[in-house]
Amino acid sequence: MPDWNALIDEHGPMVVRISWRILGHAADVEDNVQEVFLEAYRLQQKTEVNHWRGLLRRMATLGALARLRRRRHNVSLDGLEPPAADASPEDQLIHRELAARLRQAIAALPEREGAVFALRCLEGLSLTEIAQSLGITYAAAATALSRARAKLEAVLAETAMEDQ
Amino acid sequence: MTEEPKPNEANDPQEPLSPALCDAVAEILARPVPEELSRRVLEAVRQQVPPKTRRPIGRLALVALLATAASIGVALLGWRLLGSRAPGPIPGPSGPPAVAHDPAVPVAPLPTLWAYQQAAKESPEALESLLDRHARQLLPPEPPLRTGFLPSSAGGIL
């Protein structure tokens, strides 16, 4: 039986951070973090867990992506990330919109591609670490990242052209 | 709070992101997790994990229900078994005290129903006689009549 307080202290901030970067919405983050730890608790009752950090990272990423796909496009303003203090209101709006569009585009990706992209570009992991976390080969992770980038760049380029 | 990792492209040489994608990623990374949110969320998780062991109220209630049902079943079964036997004497109104018989005197048997039928056929007097005999056997002897129960002082009145 693991010490759950110690596990939450050690890995909780990482789970919150991954959820925050993928979801960007306080209430969704709260739900995802709780779900991750409850699911981890249920899992450790069935099987022995040796690598908690990898497991929680994977569960947080996949859970947040699933929640992002379920989320409606018109997210309420309550709980959205706060604007940067040094940006003009116009810049704040543009950047917020850009982030929202990227999240929508990530949500539209296949699960593996979305997870690899999030862990690589939002969490800063190496492809080796990503492959270990997701239980896939290095080559599969590299392929998924390449596809994800191509799709996301296409979506954002298309969006930029629509705006012009 | 642990240090937030930044994208580390040096780990795996990749082509740089397109400007739009790079800006969007940078925008997301520029917003750190609000401290208050992180603290609140983790505190909520600490309250929920591991889930508090709940008392098995459902099981206890089920056991109590089964025990009650079993008790009622046993009671009903016993009642039915007892009810199938001949009913015992129903206590009636308190009658006259039982007659104490002298063990030396043999007790005459009570008249039978057959005897009553015969007496009724014979004559009303015979039936009356049989009833009297029956009554004498059941009822206590009547106390002797008290003569002169009035106080002597009442003599003047009468």
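Analyst: A:Lys151 is partly exposed, at 37% relative accessibility. (Buried means under 20% relative accessible area, exposed over 50%, partly exposed in between, with a 1.4 Å probe and protein chains only.) The two side chains meet in a salt bridge, 2.9 Å from N to O. (That term needs a side-chain nitrogen of Lys or Arg within 4 Å of a carboxyl oxygen of Asp or Glu.) The pair links distant parts of the chain: A:Glu113 is in helix 5 of chain A and A:Lys151 in helix 7 (residues 138-163), 38 residues apart. (Helices are DSSP runs of H or I, at least four residues, and strands runs of E, at least two, numbered from the N terminus.)

This is a predicted model: local features need pLDDT of at least 70, side-chain atom pairs count only at pLDDT 80 or more, and totals for chains, interfaces and linings use all residues. Residues are numbered from 1 along each chain as its sequence is written, chains are lettered from A and ligands numbered from 1 in the order written, and side-chain values use heavy atoms, without hydrogens and water.

Over all chains, the count is 12 salt bridges. Another joins A:Glu123 to A:Arg17, with the closest N and O atoms 2.4 Å apart. A:Glu123 lies in the loop between helix 5 (111-122) and helix 6 (127-134) of chain A, and A:Arg17 in helix 1 (residues 4-23), so this pair ties together parts 106 residues apart in sequence. A:Glu123 is buried at 4%. A:Arg17 is buried too, at 3%.

Chain B has a pair within one helix. B:Arg46 and B:Glu43 form a salt bridge at 3.7 Å, N to O. They are three residues apart in helix 2 of chain B, so about one helical turn separates them. B:Arg46 is partly exposed at 25%, and B:Glu43 is partly exposed at 38%. Salt bridges with shared partners join A:Asp9, B:Glu43 and B:Arg46 into one network.

Now the contact between the chains. It takes 40 residues from chain B and 44 residues from chain A. (Contact means heavy atoms within 4.5 Å.) Two salt bridges are counted between the chains. A:Glu30 forms a salt bridge with B:Arg40, with the closest N and O atoms 2.8 Å apart. On the side of chain B that touches chain A, helix 1 (19-29) and helix 2 (35-48) of chain B each supply at least two residues. Helix 2 of chain B gives the largest share, nine residues.
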